[in-house]
Amino acid sequence: RFKFLTDLKFRATWGQLGNSGIPNYAYISQFVPGSNYNGNSGVSQQNPQLNDLRWETIENTNLAMDLDLFNGRFTATVEVYNKITRDLLYWLVVPSSSGITGVVVPGSPAGSILTNLGNIRNRGIEAEFSYEVIREKKPGDWGLNVSFNIGHNENRVTSLPGGTLKNANAFAGFGSQIKQGDALGTYYGLIFKGVYATDADAVVRDSKGNVVYNLDGVTPRKMRLNSETGDTLRGGDAMYEDFNHDGIINDQDRVLIGNANPDFFGGMNTELRYKSFVLGLFVQFYSGNDVINGMRYALEKMDNNDNQAITTLQRWRKQGDITNMPRALNGNNRNSQGSTRWVEDGSYVRLKFISLSYRFPRNIIQRLRLKGLDAFFTVSDLFTFTNYTGADPEITLSPFGNDPAFIGVDRGLNPRSPGYTLGI
């Protein structure tokens with residue numbers, strides 16, 4: 001009935017996978033010698049007894065559709081998945097005040113114990129399409145095939161004891177934090193609104209924008225950092241959003257300001273054929289992901305004696321200067337707080353590679369007594385289109401080792417250089 005329909009198939013799978021990556025005796029209370037105090041030898045607890053330590057379980061559900069039209073000229077695969085990780089195995093750093101020294105295992109942070117820490121869900125959709133734009137009628141004719149894939153993944157911490165986990169890691173004024181209901185790789189910080197042009201601008205305002213005065217009704221209240229007795233903000237200092245209008249920039253004003261996970265990701269592959277020549281091109285893209293530009297933070301924070309970027313020449317210098325670059329404050333980090341100032345859009349489109357190959361004619365191959373002879377020239381990572389100001393928007397998942405809270409942080413990684421390959 002449907003002659004254009006070559007094949008249509010639906011697939012459904014479900015399964016569970018256990019992760020038994022628990023070192024020997026990790027659940028037993030252990031003590032180690034060598035914890036000396038006041039000239040006396042002693043022992044300390046290395047690991048508490050963990051009666052509830054158990055395997056990590058990954059449950060995966062997939063629904064998919066395969067479609068083939070016009071005898072393979074157009075194909076499509078669409079897959080919807082839901083992946084739940086339960087009882088996540090995690091090396092949790094315990095406070096030194098507990099007296100527990102922690103198990104020493106390669107790859108785990110010092111002073112940590114292995115525990116099951118909550119549940120994580122990943123769900124999304126992936127689709128791949130292929131279309132033979134020009135179909136060869138006989139070998140050597142023109143041929144053109146275009147394939148395209150796109151995916152969307154939603155990551156969520158669905159269960160976490162205590163609701164929030166804060167680690168000791170910190171970078172660019174941001175603390176390491178995992179929060180129930182958020183995705184791994186979300187950033188909390190202040191909203192950067194620019195720079196106070198004058199001392200008179202750094203005053204408290206209510207929700208309607210009106211100046212708030214002290215009890216004398218004459219003197220405007222000054223903005224402060226961290227507490228009522230904290231640093232008084234002045235002209236040239238960074239201006240942050242005061243959400244509760246209390247005149248104090250502190251943790252109550254830190255909100256979700258970024259997410260390292262892309263909204264969409266994928267690529268496009270094109271192959272053009274004619275006679276013995278094949279021209280291939282592959283483009284990849286990420287869209288909607290945020291990056292903490294740690295290199296720009298190091299070169300523009302101006303709170304120590306380090307060399308700084310040329311952009312700091314635009315900094316505030318005198319009353320009335322209009323700029324988005326705060327003044328230099330050696331020994332004071334109030335202008336380099338973790339904020340939207342350091343978070344950038346990491347979306348990009350990259351020409352990953354372009355390749356031209358040639359297959360030598362059969363008569364030449366036979367004359368050389370070979371079964372086949374090909375020559376090719378490939379260029380990789382040639383162009384990248386992005387608004388990201390760092391060296392490379394393609395950031396590794398976590399440059400902080402096993403800390404899942406610091407995903408997509410640019411610590412000044414070397415950018416990908418264009419590569420040229422000629423082969424035969």
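Which residues line the largest cavity? They are Phe174, Gly175, Gln177, Thr186, Tyr187, Tyr188, Ile292, Ala405 and Phe406. Keep in mind as you explore that this is a predicted model.

**The cavities**

The count comes to two cavities of 30 Å³ or more. The largest cavity has a volume of about 60 Å³. Its lining holds six nonpolar, three polar and no charged residues. Two elements, strand 11 (174-179) and strand 12 (186-189), each supply at least two residues of that lining.

The second largest cavity has a volume of about 40 Å³. To find it, look for Gln177, Ile178, Lys179, Asp182, Ala183, Leu184, Gly185, Thr186, Tyr188 and Ala405, which line it. Strand 11 and strand 12 are the elements that give two or more residues to this lining. Strand 11 gives the most, with three residues. By class, the second largest cavity is lined by five nonpolar, three polar and two charged residues.

Ten of them make up an open sheet with antiparallel pairing, in the order 1-4-5-8-9-18-19-22-23-25. At its edges are strand 1 (5-19) and strand 25 (419-423), each of which pairs on one side only. On average, neighbouring strands of this sheet are turned by 10° against each other, with direction ignored.

Several pairings can be followed one by one. Strand 18 and strand 19 form a hairpin with two residues between them. In the turn of this hairpin, Lys275 has a positive phi of about 50°.

| Strand pair | Bridges | A pair of partners |
|---|---|---|
| Strand 18 (residues 264-274) and strand 19 (residues 277-287) | eleven bridges | Glu271 and Gly280 |
| Strand 6 (residues 89-93) and strand 7 | five bridges | Trp91 and Leu114 |

**An enclosed strand**

Is strand 7 (residues 112-116) largely enclosed or open? Five of its five residues are buried, so strand 7 is largely enclosed by the rest of the structure. You can see how its residues are arranged by looking at the two directions they take. Ser112, Leu114 and Asn116 point one way from the strand, while Ile113 and Thr115 point the other way, and all are buried. Leu114 is also the bridge partner of Trp91, in the antiparallel pairing that joins strand 6 to strand 7.

**Salt bridges**

Side chains of opposite charge can pair when their charged atoms come close. How many salt bridges does a search of the whole structure find? The search finds 28.

One of them brings together the side chains of Asp321 and Lys318, at 3.0 Å from N to O. The two partners sit in contrasting surroundings. Asp321 has a relative accessible area of 16%, below the 20% limit, so it counts as buried. Lys318 has 53% relative accessibility, over the 50% limit, so it counts as exposed.

Another salt bridge links Glu394 with Arg350, and here the closest N and O atoms are 2.5 Å apart. Glu394 lies in the loop between strand 23 and strand 24 (409-410), whereas Arg350 is in strand 22, so the pair ties together parts that are 44 residues apart in sequence. Arg350 counts as buried, at 3% relative accessibility.

Strand 22 also holds Lys352, while Asp381 lies in strand 23. The side chains of Lys352 and Asp381 meet in a salt bridge at 3.1 Å, N to O. Because of where these two residues lie, the pair ties together parts that are 29 residues apart in sequence. Asp381 is buried, with a relative accessible area of 13%.

Which residues are linked in a network of salt bridges? The network consists of Arg350, Lys352, Asp381, Asp392, Glu394 and Arg416.

Terms used: Residues numbered from 1 in each chain as written. Predicted model: local features only at pLDDT ≥ 70, side-chain atom pairs only at ≥ 80, totals over all residues. Heavy atoms only, no water. 1 Å grid on protein atoms, 1.4 Å probe; cavity = no way out; pocket = protein on both sides within 12 Å on 5 of 7 lines; lining within 4 Å. Points joined across faces, edges and corners; volume = space filled by probe spheres on them. Helix = DSSP H or I, 4+ residues; strand = E, 2+ residues; numbered from the N terminus. Nonpolar A, V, L, I, M, F, W, Y, C, P; charged D, E, K, R; others polar. Pairing = 2+ DSSP bridges. Axes fitted to C-alpha atoms, helices over the stretch in contact; angles between N-to-C directions. Buried < 20%, exposed > 50% of the residue type's maximum accessible area, 1.4 Å probe, protein only. Salt bridge = Lys/Arg side-chain N within 4 Å of Asp/Glu carboxyl O.
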